[in-house]
Amino acid sequence: MKGICRLCDKDRDLRESHVIPGFVYKWLKETSGTGFLRFGLEPNKRAQDGYKLYWLCDECEGRLNDWETKFANEIFHPFNKGAIEKAAYGPWLLKFCASVSWRIMNLMLEEHDISHYPETLQDSALKAREIWKEFLLDKREHPDRNEQHFLPLNTIESFTDPNMPSNINRYILRSVDIDAAWGGKSAFVYSKLGRFIILGFIEMPQPRQWVGTKVHVKHGAVGASNYTLPIQFGAYLMDKARRSADIQGRISEKQNKRIEESFRKGMDRATNSESLRAMSEDVRLFGSKAFRPEK
Ligand SMILES: [Zn+2]
């Protein structure tokens, strides 16, 4: 398909590419109890491969792919396998995070209506997209105030908040999610790739509230350290988990039967699956309440 590449702005053949990198879906599928994926607003449909769009030329796709491969091999897969808890990174991590935030920002601006956002925020969103794009094309050395923050999450072992949703570990460990969110004067693009969250800041009035999460230009390390996040972000995550349970709750009776059958057919696969482990973590915390969808 011919068109203008979203990254280099050249008129070229465009490739169909993933909005959220393909290796994330592949991992979800390979480690799920059924071997099938179900997503977002249409949980009754099996989605094999995630959301794709004709956005990039070969060259730009290749550019993004190099950073994706680094991230998949040095952070994503080793952490998920439990092989490591800490990883050093080079300049590729900031490029990778910016490329994900840039894609999600594009998706929000092109496919979703953001006219309900405050006007100043709409301007800031356009600016952030431009800055991330320039950074990806090496036209600027860093994304300036539109920082990228990276959060590797882990199983929640215990909690004190009575409002903690009973699917929290399934949400944390197993979900893919995207959003553009704001609260007060702060706004960010949210991309959740399994247990890893990338935040691309559109507006960041109080950077001191975020400690240990900023991705640096040249190098740094992720994992096994202590992060400090604003308390509102915890509430935001719990809200996202609740919404995800709500969507799951809309899976029809017929579809639930199919899921159950797939589970039974692949019993060995299900008992070893990461989705079952995430489920067990919720059962450990909430008992039978973990099976009931949140209201
Ligand atoms: Zn291009």
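Visitor: What arrangement do the four donor atoms around the zinc ion make, and which angles do they subtend?

Guide: As a general idea, ideal angles at a metal are 109.5 degrees for four tetrahedral donors. In this predicted model, the four donor atoms around the zinc ion subtend angles of 104 to 116°, which makes the arrangement tetrahedral. The ion is coordinated at 2.3 Å by the SG atoms of Cys 5, Cys 8, Cys 57 and Cys 60.

Visitor: Is Cys 5 buried or exposed, and what does Cys 57 count as?

Guide: A residue is called buried when its relative accessible area is under 20%; Cys 5, at 0%, is therefore buried, and Cys 57, at 1%, also counts as buried.

Visitor: In what order do the four strands form the open sheet, and which strands stand at its edges?

Guide: The order is E5-E8-E7-E6, with antiparallel pairing. Strands E5 (148–152) and E6 (176–183) each have a single partner strand, so one side of each is left without a neighbour in the sheet. From one strand to the next the twist averages 20°. Helix H2 (residues 58–80) packs on this sheet, where it touches E5, E7 and E8, and its direction makes about 125° with that of E8.

Key
Residues numbered from 1 in each chain as written. Predicted model: local features only at pLDDT ≥ 70, side-chain atom pairs only at ≥ 80, totals over all residues. Heavy atoms only, no water. Pairing = 2+ DSSP bridges. Helix = DSSP H or I, 4+ residues; strand = E, 2+ residues; numbered from the N terminus. Axes fitted to C-alpha atoms, helices over the stretch in contact; angles between N-to-C directions. Contact = heavy atoms within 4.5 Å. Donors = N, O, S within 2.8 Å, 3.2 Å for Na, K, Ca; no water. Tetrahedral: all angles 85-135°; square planar, octahedral: opposite > 155°, others 65-115°. Buried < 20%, exposed > 50% of the residue type's maximum accessible area, 1.4 Å probe, protein only.
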